[in-house]
Amino acid sequence: MLEEITATRYVTPLREGGSLPGVMEADDLGTYAVKFRGAGQGRRVLVAEVVCAELARRLGFRTPELKVVEVDPQLGAREPDEEIQDLLKASAGRNLAVDFLPGALGFEPLAWPPDPAFASRLLWFDALVHNVDRSWRNPNLLLWHGDVWLIDHGAALWFHHNWRTADPQRGFDAGDHVLAPFATAMGEADAELGERITPGLLDEVLAEVPGEWLADEPGFDGAQAVRRAYAEHLLARARGPRAWLPEPGTGAPAPREEKRSGSVGAFWRGTR
Ligand SMILES: Nc1ncnc2c1ncn2[C@@H]1O[C@H](COP(=O)(O)OP(=O)(O)O)[C@@H](O)[C@H]1O
Ligand SMILES: [Mg+2]
């Protein structure tokens, strides 16, 4: 299970994406990007975050450590922005803390041409978990200490917003995936990663999801049944036909002239 901590301070909102996570400090003296249960589509987003990040980590990707953080809405009492006050009120209790990577930069494929093997493994992973949020406009990749770190998997596993639509064979549209044009070794990535998706690995990953975020899911008899459904879906996808696997080197390269997501380093430097 993920470690449990208690938030001690709301520092600032992170406005690059859409869900308004907040930088928070906690009683373990850590600093975290906190993703709130009360944001947008609710607790299923946090489930997707945990499942995908913990799976990615076990497949060899870098992704910040996750903890469960207890949030008291009073911590936002002095925030002038009412939207943030409301978000914290709707999120009283347990939320997801993502270890904050200080000074990380937003990933730029033009500045840091990715290695084809890495690009292929990442595209394979995103296709496996139906992650539609890795576009060149908003890659949700951070450059930190010379490595690429994966963040923000809240939009993945989107079938869970209506479990009847869950289809392990569903294709993946790699059209605007930030690394698709560099992913020229999809066969190798598939051979390497496919066999690492085992029932044991998936059980281990699903065990990390707090039961509270899985309880009362319509159509399921308790949190354990929901865990089993995620594991069976991912196993069926990894073991079944490859209709979902993107072709090597598809997608358009990011246009040079467009402004993409900025640097989070700027925020961090400004606070020191
Ligand atoms: N662990 C982290 N370390 C540093 N910066 C982060 C971290 N998590 C998020 N951020 C910054 O905050 C932004 C929004 O967070 P993200 O998880 O992508 O949420 P959203 O759902 O709003 O897109 C990211 O694009 C990134 O700039
Ligand atoms: Mg994001």
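**Strands, domains and ligand shell of a predicted model**

An open sheet of 3 strands, paired antiparallel, runs in the order β6-β7-β8. Its edge strands are β6 (105-106) and β8 (147-150), each of which pairs on one side only. Strands here are DSSP runs of E with at least two residues, helices are runs of H or I with at least four, and both are numbered from the N terminus. Two strands count as paired if DSSP finds at least two bridges between them. Strand β7 (residues 141-144) is joined to β8 by 4 bridges, and the two run antiparallel. In this pairing W144 stands opposite D147 of β8.

The structure is a predicted model: local features need pLDDT of at least 70, side-chain atom pairs count only at pLDDT 80 or more, and totals for chains, interfaces and linings use all residues. Residues are numbered from 1 along each chain as its sequence is written, while chains are lettered from A and ligands numbered from 1 in the order in which they are written.

The chain holds 7 helices and 8 strands. Its radius of gyration is 18 Å, close to the 19 Å that the globule rule gives for 272 residues, so the chain is as compact as a globular protein of that length. The radius is taken over C-alpha atoms, and the rule is 2.2 Å times the number of residues to the power 0.38. Along the principal axes, the C-alpha trace spans about 50 × 50 × 25 Å.

Strand β1 (residues 4-13) pairs with β4 (residues 66-71) in the parallel sense, over 3 bridges. Here T6 has E70 of β4 as its bridge partner. Strand β1 also runs antiparallel to β2 (residues 22-26), with 5 bridges between them. R9 stands opposite E25 in β2. Strand β5 is joined to β4 by 6 antiparallel bridges, and to β3 (residues 31-35) by 4, also antiparallel. V68 faces L96 of β5 across one pairing. Y32 stands opposite D99 of β5 in the other.

The domain assignment divides the chain into domain 1 (4-102 + 265-270) and domain 2 (105-258). Such bounds come from an automatic or database assignment. The centres of the two domains, taken over C-alpha atoms, are separated by 21 Å. Their contact takes 29 residues from domain 1 and 31 residues from domain 2. Residues are in contact if their C-beta atoms, placed from the backbone, lie within 7 Å. On the side of domain 1 that touches domain 2, the elements giving two or more residues are α1 (43-58) and β5 (93-99). The largest share, 15 residues, comes from α1. By class, this side of domain 1 has 16 nonpolar, 5 polar and 8 charged residues. Ala, Val, Leu, Ile, Met, Phe, Trp, Tyr, Cys and Pro count as nonpolar, Asp, Glu, Lys and Arg as charged, and the others, Gly among them, as polar.

Ligand 1 is surrounded by 21 residues, of which L14, G17, S19, A33 and D152 are the closest. A residue is near the ligand if its C-beta atom, placed from the backbone, lies within 6 Å of it. The shell divides into 11 nonpolar, 7 polar and 3 charged residues. Domain 1 and domain 2 each give at least three residues to the shell.

An unreviewed UniProt entry places the feature "domain: HipA-like kinase" at residues 14-244. UniProt positions follow the numbering used here, feature names are shortened, and annotations may be inferred rather than shown by experiment. In the model, residues 14-244 are 32% helix and 14% strand, and the end C-alpha atoms of this span lie 33 Å apart.

Conventions: Two residues are in contact if their C-beta atoms, placed from the backbone, lie within 7 Å.
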